[in-house]
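This briefing is intended for a reader meeting the structure for the first time. Please have the sequence and the model at hand while reading.

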Amino acid sequence: MNEIGIYVGGLVITVILSLTIILYLKKSFRKLLIDLTETQERANFWLTFSNILLILIPLVFSMSIVPGATEEIDVFFEVGRQLKWALIGLISSMVVIGFVMISFVFKK
């Protein structure tokens, strides 16, 4: 597999991972946002905003890792390295969203 295939494969896995997390959190996160923002429209906005962050931040982290241009590329480790940074981005964005939610809770 060439470098471009490895790179794109890592990006695809990153997007799938982000979408999985979004789908997992969607129902409970929506209820929490409705409770905190007090309207469906505001909750929908913040849910959409958060979903975009949960996709784009890991994708940006993942895009910063480019497979090495060596003769022998170990696909497993190259994709693993790319996914490591994608997970760091995903966790970072979830932590930031968590801190924002905590600030809303303390304001109530």
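The points below cover helix packing and aromatic pairs.

The structure is a predicted model. Helix H1, spanning residues 3-37, packs with helix H2, and H2 covers residues 40-63. Five aromatic pairs are found when the whole structure is searched.

**Packing of H1 and H2**

- The angle between H1 and H2 is about 155°, and their axes lie 8 Å apart.
- Since angles over 145 degrees count as roughly antiparallel, H1 and H2 are therefore roughly antiparallel to each other.
- The crossing in which H1 passes H2 is right-handed.
- The contact of H1 with H2 comprises 16 nonpolar, nine polar and two charged residues.

**Aromatic residues of H2**

- Phe-45 and Phe-49 have ring centres 6.1 Å apart and planes at 25°, so this pair is stacked.
- Phe-45 and Phe-49 are four residues apart in H2, which means that about one helical turn separates them.
- Phe-45 is partly exposed, at 47% relative accessibility, and Phe-49 is also partly exposed, at 39%.
- Phe-45, Trp-46 and Phe-49 are linked by ring pairs into a cluster.

**The pair Phe-76 and Phe-77**

- Phe-76 and Phe-77 form an edge-to-face aromatic pair, with 5.3 Å from centre to centre and 80° between the planes.
- Phe-76 has a relative accessible area of 63% and counts as exposed.
- Phe-77 is likewise exposed, with a relative accessible area of 56%.

Conventions: Residues numbered from 1 in each chain as written. Predicted model: local features only at pLDDT ≥ 70, side-chain atom pairs only at ≥ 80, totals over all residues. Heavy atoms only, no water. Phe/Tyr/Trp six-rings, centres within 6.5 Å; stacked < 30°, edge-to-face > 60°. Helix = DSSP H or I, 4+ residues; strand = E, 2+ residues; numbered from the N terminus. Buried < 20%, exposed > 50% of the residue type's maximum accessible area, 1.4 Å probe, protein only. Axes fitted to C-alpha atoms, helices over the stretch in contact; angles between N-to-C directions. Parallel < 35°, antiparallel > 145°, perpendicular 65-115°, else oblique. Left-handed = near helix turned anticlockwise from the far one by under 90°. Nonpolar A, V, L, I, M, F, W, Y, C, P; charged D, E, K, R; others polar.
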